[in-house]
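Thanks for coming. I will go through one structure today, starting with charged side chains and ending with some backbone details.

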Amino acid sequence: MAKKTVAFTGTMEQEKELRDYIAENRDTPGALMPILQKAQEIYGYLPIEVQTMISDETGEPLEKIYGISTFYAQFALYPKGQNQISVCLGTACYVKGSQAVYDKVSELLGIDEGECTEDLKFSLDSCRCVGACGLAPVMIINDDVYGRMTPDQVESILKKY
């Protein structure tokens, strides 16, 4: 499944804040990582428009910026939803059927790993262990933990959000 894109909605204020930060820091050795971190803080993710701005302002190749953005887990290329869903696919959860739960969430929302619904209401990720193996399989929405999940419970839980 191809990644769904959400239209970039950056503001002039955000752009000014990032450009000012880059101007203050671009000549500092090793500044690219802090610049990417600041951009992530400002926008919440690093869409291609922001990566291109950083490339233009710093003179660093876009390929290098993309490489760093995709290598480090702290960076996201897509926005996170108002309700962040994570389904544990660790061993205990997986053995007890978490892949079917994940697949049901994906089907109902029309998104896959790392994606966000167009209305920015939900985003979906998987994780490897949340430390609640006794409740397997586990799904988390924001700070709410749902244990002993089955695919047929997913729709009613999503409706709460």
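Glutamate 17 has a relative accessibility of 38%, so glutamate 17 counts as partly exposed. On that scale, buried means under 20% relative accessible area, exposed means over 50%, and partly exposed is in between, using a 1.4 Å probe and protein chains only.

Before going on, a note on the source: this is a predicted model, in which local features need pLDDT of at least 70 and side-chain atom pairs count only at pLDDT 80 or more, while totals for chains, interfaces and linings use all residues. Residues are numbered from 1 along each chain as its sequence is written, and side-chain values use heavy atoms, with hydrogens and water left out.

Now the partner. Glutamate 17 forms a salt bridge with lysine 38, and their closest N and O atoms are 3.6 Å apart. This pair links distant parts of the chain, since glutamate 17 is in helix α1 and lysine 38 is in helix α2 (residues 32–43), 21 residues apart. A salt bridge here is a side-chain nitrogen of Lys or Arg within 4 Å of a carboxyl oxygen of Asp or Glu. Helices (H or I, at least four residues) and strands (E, at least two) are DSSP runs, numbered from the N terminus.

Is lysine 38 buried or exposed? Lysine 38 is buried, at a relative accessible area of 18%. Lysine 38 also meets glutamate 41 in a salt bridge, at 3.4 Å from N to O. These two are 3 residues apart in helix α2, so about one helical turn separates them. Glutamate 41 is exposed, with a relative accessible area of 58%.

Back in helix α1 (residues 12–25), arginine 19 and glutamate 15 are 4 residues apart, so about one helical turn lies between them. Their side chains form a salt bridge of 2.8 Å, N to O. Both are partly exposed: arginine 19 has 29% relative accessibility, and glutamate 15 has 24%. A network of salt bridges links Glu15, Arg19, Arg26 and Glu57. How many salt bridges are found in the whole structure? The search finds 9.

The axes of α2 and helix α4 (residues 62–71) come within 11 Å and cross at roughly 65 degrees. The axes are lines fitted to C-alpha atoms, for helices over the stretch in contact, and angles run from 0 to 180 degrees between N-to-C directions. α2 and α4 are therefore roughly perpendicular to each other, a label given to angles of 65 to 115 degrees; under 35 counts as roughly parallel, over 145 as roughly antiparallel, and the rest as oblique. The contact, meaning heavy atoms within 4.5 Å, is made by Leu32, Met33 and Leu36 of α2 and by Lys64, Ile65, Ile68 and Ser69 of α4.

Last, the loops. Where is proline 137 found? Proline 137 is in the loop between β2 (122–127) and β3 (139–141), and the peptide bond from alanine 136 to proline 137 is cis, with omega near -5 degrees.

Asparagine 142, in the loop between β3 and β4 (144–146), has a phi near 55 degrees, a positive value in a residue other than glycine. Asparagine 142 is partly exposed, at 33% relative accessible area. Arginine 148 lies in the loop between β4 and α7 (151–159). The phi of arginine 148 is near 50 degrees, again positive in a residue other than glycine, and arginine 148 is exposed, at 53%.
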